Every structure is written in structure tokens, then in C-alpha cells.
Amino acid sequence: MTTTRQFGSDIPHLPTDEPYGKRDVPRGPAPLYLRALAGLLDIGIVAIPLVLGWYIVDSLRDDNGGGEADRVVFGGAAVAIALGLALWNRGFREGNTGQSSGKGWVGLVTRDTHTGDAIGPKRSLQRAFRRTGTEVVRESTATDEGFAVRERDVSVAAIRRRRLIGLGVLVILLGLVLLASVAVGARPLSFAEIFHALFDPDGSQTDIIVRTLRGPRTVLGLVVGMALGVAGALIQGHTRNPLADAGLLGLNAGAAFLVVLSMYLFGFSAPSEYLWFAFAGSFAASVIVFGLSSIGNGAASPLSLALAGAAVAFFLQAMTNAIIVVDQSSLDSYRFWVVGSVAGRGFDVLWQVLPFLVLGLILALVSTPGLNVLSLGEDVARSLGTNIAASRALGIVAITLLTGAATAACGPIAFIGLVVPHVARAITGPDYRWLVPYAGLLGGVMLVTADVIGRVVVRPGELQVGIVLAVFGAPFFIALVRRRKLASL
């Protein structure tokens, strides 16, 4: 006997003795060929950075202009990335969710034989040496038999422990990146020459390269990256916009306009000459944006800040284009500044912007408690006794100092202020007391790393750090948006 569903005459008949939606679920361990395929995919993920690292190290032979330090830096980076991927994929991911990347692609799950749940990162890493108590089954089997992933420990002690471990890892990574920045360049150096230049200089050519060229460039890249990372976190917090950066408030446009104006009126071409004009442009743009957003109700809301910033940015960009269209010399000077670079900047530029960067970082740290309260909503913050106007003004001043000084020193550098806060927030959570320091360290690591890559990819020339960040930052941000839902700020 059959019955017909009444939604239409073309619907097929379904047997009444077979429940609708029931299907056969395979039981027992997964087939060997599926497990082998998943293992090959996981090995491929680890092999990719190793193969790329091998080709890079091979291209940095002595006869190709490479050096000992170059090969050690890029070879060590490839090995570290491969080990990190293996630890994340086969340890944390498979241990907590039951699926490594390879197992996820072929539909397999690793589970505890007795409980049927995830086995945890420690046991997952030990599976290569001891496989007792675990099994690999099909994903449909695990789901049908009640497989459960490991819930993340959200206790206060666990969160604090993760933050402190992450902070320690970041500090170590930053130290390695700074060493790589000093070691890698157009002139190949050995580690003996580098340490001699740092700790026992005698005025040799290698000492001059390290102490007067790479050293200042590395320090400037570090402080500018930290400033842009912290400023990006503050901007996203105050505008409640996860896609906000310095360009949203018109700060980059203000700096660009006055830089071009100084080139047109005074013929400036060196960074030390137009530095103060760039800073003044960012400061003026922030004052105008904050003033426009406060007109009417007397308080700058996140929406009014974003709208006023967009309007000011469009206007200043139009004025900048008007100048470079009518003056060829201004265009020639401007096009090298606008891509963003730390090359050719010495300690003379660093000392001029350093006081503003230090003051901006201090104000940023001071403003984090108030920003935590503002993230709860203006009504809640007002009910808790927070002076919203004062908190937002303090944040705007910190953003202006950091972004203005960084843009003045190195030009407008994109993607750091946009990407870094999201990476930091994934580690620390929404607490700005931790988010801001993390964003600073991540920004320094990101900018210095991009600068090191730019010195190698087009040897014997160099690629500006702004271009490198655009090439690598755009796909990274797209992947971040696709993988992790942007938080509602």
C-alpha cells in the first residue's frame, strides 16, 4: 500500500512501511583508503611551507646574492610554520573537534572508543605514538551516535592563562622578526658580522649597514606597526564598525592632502621635510570629523563618526587629486609616499614622531576601561556614570596621535589597522585591556615581517611595505571574514 503527498500530482509515492527521512548509517571504523587519503591531505598541508621554504633557500645561494643569515631566516621560518600548522591541525583542531583538515575534507572523525567524544589536543598529538583508546569513523556514524566536540574552557583562570601564553609567544615571535629584519637585506651578511655590528662595532662597512640603515628601519617599522595596530583597535571600538580603519575617519586623507600641498607650494621631497605637514593634516581631519559628528545632539555617535569621516575623506581626496593633476612634480613625489614604506627613513624621522607615538600609546592604554564600558552601549555606559563625550574624546586624541605620527613617518599603510584587531580579538576576546596590547604587538610583527619579505621578493630591488601588505593582507582578511563571523562591536 502506498500513500501520496498532497502538495502536487507530480510528487512520487512513498512506501508507508519505510519511515520518511530514514537512512542507513555505516557502523564501525572508517575504511582504510579514506584514512590514508586524509593522512595524505594532512601531510600536504605541512609540506607546502617546507617546499616553498626549500625553493626560497635554494634561490638564496651565494652565487645568487644570498647569504648565510638569509638562508637561516627563511629556512627557519618555513620549518616553524610547518610545525605550527602540524600542531594546530593534528593537535588542537583534531583534538577539540575530532577532525583535522584532511579528515574534514573526506568526512572522518577521530573519537574516544569508550565515550564516543573528542579526545582532546594532548591525546591527539600522542596518537602518532600511541593509538589505544581512539578510533576513526565516518562523520555520519559519529553524528548518529552522539559525538560531541570539546567545549572551550571559558573560566576566568583559563582565559587568563591563554592570554598570558599568547603574550609570551608574541614577544618571542617579535624578537625573532626583529633579528630577521636586521639580518636580511640587499647586502648578504653572516651572523658573526651582525653580532659584531650590534655589540662591538668598529666602523666597518657591515657595521654601517646594520647600525645606520637596517637598525633604524627596523625600530621605525616596529613602532609604526604597533601604533597602527593599536589605532585600528581603538577605531573599531569607538565606531562599533568591524571594517573600520584610519581611512574611515579621514586621517589618511588629511595627511595626504597637506603632504601634497607642501610638495606643491614648497617643493618638499624628503620625509623629514613634509613630516609635520602630514601630522598636521591628520590632526586637522580628526578635529573636523569629530566636530561634524557632534553637531546636533552634542555627542559623537559611532554612526555619525563614520559618516563624517567618509565625507571628509572624499572631499580631501578630491582636493589631493586636483593638485597632483595640475602639477607633475608633486605627482612624482607623492606617488612614492602614498604607497607606504619604511625604507630611507632614519633615526631623524623616528625621533621626531616618537614622542607623539609614546603619548598616543599611553592615552590608548588609559582609555581601554572606558572603551570596555562603551562597548556595552551608550545607554548602559551612561547609566554606569561614564562620561561618554570625554571617553570618546580621549580615544579620538589617541587615534589622532598614533595614526598621524605613523602616517607622517611612513605614509599611509593599509590593512594593519583593519586585520590586526580581528586577530587580536580572536585570542583575547572583547576586553580592550588585553586587546590593545595584543594589537600593538601583532601590528609590529606584521609590518616588520612585510618589510623583510619586500627586501627579498624583487632582489636586487625592494618592494614597498605598503604593497606587500596589500598583496598578503587582502587574501588574509578575506579568509578571516569567511572563516570567522565578524563580531558585533
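Is Arg 27 buried, partly exposed or exposed, and what is its relative accessible area? In this predicted model, Arg 27 is partly exposed, its relative accessible area being 48%. Arg 27 forms a salt bridge with Asp 144, in which the closest N and O atoms are 2.6 Å apart. Because Arg 27 belongs to the loop between strand 2 (14-15) and helix 1 (32-59), whereas Asp 144 belongs to helix 5 (residues 139-144), the pair ties together parts that are 117 residues apart in sequence. Asp 144 likewise counts as partly exposed, at 44% relative accessibility.

A further salt bridge, with an N to O distance of 2.7 Å, is formed by the side chains of Arg 111 and Glu 145. Since Arg 111 is placed in strand 3 (residues 108-112) and Glu 145 in the loop between helix 5 and helix 6, this pair ties together parts that are 34 residues apart in sequence. Arg 111 counts as buried, at 8% relative accessibility, whereas Glu 145 is partly exposed, with a relative accessible area of 38%. In another salt bridge, Glu 462 is joined to Arg 217, and the closest N and O atoms are 2.8 Å apart. This pair links distant parts of the chain, with Glu 462 in the loop between helix 17 and helix 18 (465-483) and Arg 217 in helix 8 (residues 205-239), 245 residues apart. Glu 462 is partly exposed, with a relative accessible area of 36%, while Arg 217 counts as buried at 11% relative accessibility. Through shared partners, salt bridges join Arg 27, Arg 111, Glu 135, Asp 144 and Glu 145 into one network. The count of salt bridges in the model comes to 13.

A search of the whole structure finds 10 aromatic pairs. One of these is the edge-to-face pair of Tyr 274 and Trp 337, with 6.4 Å between the centres and 85 degrees between the planes. The pair links distant parts of the chain, as Tyr 274 is in helix 10 (residues 271-294) and Trp 337 in helix 12 (residues 328-338), 63 residues apart. Both Tyr 274 and Trp 337 are buried. The rings of Tyr 334 and Trp 337 have centres 6.0 Å apart and planes at 40 degrees, so this pair is tilted. Tyr 334 and Trp 337 both lie in helix 12, three residues apart, which is about one turn of the helix. An α-helix has 3.6 residues a turn, so residues three or four places apart point the same way. Tyr 334 is buried, with a relative accessible area of 12%, and Trp 337 counts as buried at 1% relative accessibility. Elsewhere, Phe 266, Phe 268 and Phe 277 form one aromatic cluster.

Helices 9 and 15 were considered in terms of span and burial. The 16 residues of helix 9 (residues 251-266) should span 22 Å at 1.5 Å a residue, and the end C-alpha atoms of this helix are 22 Å apart, which agrees. Because 12 of its 16 residues are buried, helix 9 is largely enclosed by the rest of the structure. The buried residues of helix 9 are covered by elements including helix 10, helix 11 (302-326), helix 12 and helix 15. After helix 9 comes Gly 267, whose phi is positive, near 70 degrees.

Helix 15 is mostly covered, with 18 of its 23 residues buried. At the start of helix 15, a side-chain oxygen of Asn 387 reaches to within 3.1 Å of the backbone nitrogen of Ala 390. Helix 15 is followed by Gly 411, whose phi is positive, near 85 degrees.

The largest nonpolar core holds 87 residues, of which Val 224, Leu 234, Leu 249, Trp 337, Ile 413, Ile 416 and Leu 447 touch the most other members. Helix 17 (residues 432-456) gives the most to this core, with 12 residues. Apart from this core lies another, of 15 residues, among them Ala 69, Ala 180, Val 452 and Val 456. Ser 181, in helix 6 (residues 156-183), is buried, with a relative accessible area of 1%. Leaving aside neighbours within four places in sequence, Ser 181 is in contact with Arg 214, Thr 218, Val 448, Val 452 and Arg 455.

Definitions and conventions:
Residues are numbered from 1 along each chain as its sequence is written. This is a predicted model: local features need pLDDT of at least 70, side-chain atom pairs count only at pLDDT 80 or more; totals for chains, interfaces and linings use all residues. Side-chain values use heavy atoms; hydrogens and water are left out. Buried means under 20% relative accessible area, exposed over 50%, partly exposed in between (1.4 Å probe, protein chains only). Helices (H or I, at least four residues) and strands (E, at least two) are DSSP runs, numbered from the N terminus. A polar contact is a pair of N or O atoms within 3.5 Å; within protein, one must be able to donate a hydrogen and the other to accept it, and residues adjacent in sequence count only if both atoms are side-chain atoms. Rings of Phe, Tyr and Trp (its six-membered ring) pair if their centres lie within 6.5 Å; planes under 30 degrees apart count as stacked, over 60 as edge-to-face and the rest as tilted. The expected span of a helix is 1.5 Å times one less than its number of residues. Contact means heavy atoms within 4.5 Å. A nonpolar core is a set of buried Ala, Val, Leu, Ile, Met, Phe, Trp, Tyr and Cys residues joined through side-chain atoms within 4.5 Å. A salt bridge is a side-chain nitrogen of Lys or Arg within 4 Å of a carboxyl oxygen of Asp or Glu.
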